[in-house]
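Thank you for asking me to look at this model; my notes are set out below as numbered points, for someone who is meeting the structure here.

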Amino acid sequence: MIRTMISFIIITSLFLLFSFFGCNSENPIITTSEDTLVFANAMIIDGTGSEAIEHATLIVICDKIHMVSNSTDISLPDGARVFDLEGKTILPGFINAHVHGSYNQNQLKNWVRGGVTTVRDLSPLGEANFIEKRNGYNQNPFNARLVSSTPIITCSGGYGGSFVDTPESAEIRVLDYINSGVDIIKFSIEDNCQGRWNVISQEIANIIVSTAHSNNLRASVHITHDYNIEMALIAGVDDIAHMVTEPMTDELVQQIVEANIYWTPTLELWKGVSEYYSIDLDQVAIRNLRKFFNAGGNVALGTDFAGFHTSFDSGLPFTEIQSMKEAGMSNMDIIVAATLNAAYVCGMENEIGTIEVGKIADLLIINGNPLTDIDVLRNVSMVIHNGHIVREE
């Protein structure tokens, strides 16, 4: 059990810092210890892949992580809310980096209660005013944070919903989306997915990605076939959404790894498709992921929730986690994919995804040790989102 041993230096620093700056530096207010959450005596897995910290203490003030210590023998201000987490593990809030159908508060609440504090919606699927909706939903800490991409950009007769047929029109379209406030640029290189489709030119792919990058946004590409990856490599995309469904060569895998393109494999999608059609695309995808990961590739967790008419996990994406484990990823590797790497493809790695001082306090607290038993990720004890306790068992 934690014992608070008063230390003038630590208390003074806490009160001086937050009395001047408060929870919102643009509108300074007096902050008291009531704004301080202390999680003590826990194991911390910080999301970076570093060794877990045993018997650690984490302090949250307002919406930020203020301190991470490998000791419980630290001093605290009177009145702080202190939680003794013996036998529990603190992780960064998980991120599902490929979903659809997220412009729905009930679903956003389901995710956050399951420990998924951020989702990346990779196409608003006909949602009107989706940026306005995102901004409104993100004001509520009981909703998972919503990261919004563009509709899927393609050419006439192509796979997607936003059509461009020249490099000039592609640049204008991407800039319009950027000016509207999107977080991610999404386009497709697809000729055969539940139908035959026209494919954009290399020049259009190049301008989509370069326009995104010149405006500090990342570009994600829908691909399901290995022969379309070359265009993505030339364009310089940031991540590939969906694992491809043909066995990949070692040479192609190495090219993707060397280009530092992340992969969001959506194994849960391929499991659903395979069960529906009695085929084995899920096993092909798992073997490809194993090859990509073993070659040093960066993997981000994403499921394609609501992207097909089969069922998906609506909270913690455990089906995806089990499939990643089948692909040979360790428990720590899967945690990194669901936190640090997923934050990267969201373009938010400087704000979320790891437990570090100054980052947003999105935390998943579970009973047990997920490094020895991945199943305990389902044993949620608490969820903290934007510094707010949004679930407590």
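This is a predicted model: local features need pLDDT of at least 70, side-chain atom pairs count only at pLDDT 80 or more; totals for chains, interfaces and linings use all residues.

1. I begin with an open sheet of three strands, in which the order is β6-β7-β8 and the pairing is parallel. Strands β6 (94-99) and β8 are its edges, since each of them pairs on one side only. From one strand to the next the twist averages 20°.

2. Within this sheet, strand β7 (residues 116-121) runs parallel to β8 and is joined to it by four bridges. Arginine 120 has valine 147 of β8 as its bridge partner, while aspartate 121 stands opposite serine 148, also in β8.

3. Which residues of strand β8 (residues 145-148) point one way, and which the other? Arg145 and Val147 point one way, Leu146 and Ser148 point the other way, and all of these are buried. This can be read against the general rule that side chains in a regular strand alternate between the two faces of the sheet.

4. Turning to the aromatic residues, the count comes to ten aromatic pairs. One of them is formed by phenylalanine 39 and phenylalanine 83, whose ring centres are 5.3 Å apart and whose planes lie at 15°; because planes under 30 degrees apart count as stacked, this pair is stacked. Phenylalanine 39 belongs to strand β1 (residues 36-44) and phenylalanine 83 to strand β4 (residues 81-84), so the pair ties together parts that are 44 residues apart in sequence. Phenylalanine 39 is buried at 0% relative accessibility, and phenylalanine 83 is buried as well, with a relative accessible area of 10%.

5. A second pair to examine is that of tryptophan 111 and phenylalanine 305, where the ring centres are 5.0 Å apart and the planes are at 70°, so the arrangement is edge-to-face. Tryptophan 111 lies in helix α2 (residues 105-113), whereas phenylalanine 305 lies in the loop between α9 (281-294) and α10 (318-326), so this pair ties together parts that are 194 residues apart in sequence. Both count as buried: tryptophan 111 has a relative accessible area of 0%, and phenylalanine 305 has one of 11%. Together with Phe312, Trp111 and Phe305 form one aromatic cluster.

6. Finally, charged ends are also found over aromatic rings. The charged end of arginine 218 sits over the ring of tyrosine 344, at 3.8 Å from the ring centre, and that of arginine 378 sits over the ring of phenylalanine 318, at 3.9 Å from the ring centre.

How values were computed. Residues are numbered from 1 along each chain as its sequence is written. Side-chain values use heavy atoms; hydrogens and water are left out. Buried means under 20% relative accessible area, exposed over 50%, partly exposed in between (1.4 Å probe, protein chains only). Helices (H or I, at least four residues) and strands (E, at least two) are DSSP runs, numbered from the N terminus. Two strands pair if DSSP finds at least two bridges between them. Rings of Phe, Tyr and Trp (its six-membered ring) pair if their centres lie within 6.5 Å; planes under 30 degrees apart count as stacked, over 60 as edge-to-face and the rest as tilted. A charge sits over a ring if NZ of Lys or CZ of Arg is within 6 Å of the ring centre and within 35 degrees of the ring normal. Axes are lines fitted to C-alpha atoms, for helices over the stretch in contact, and angles run from 0 to 180 degrees between N-to-C directions.
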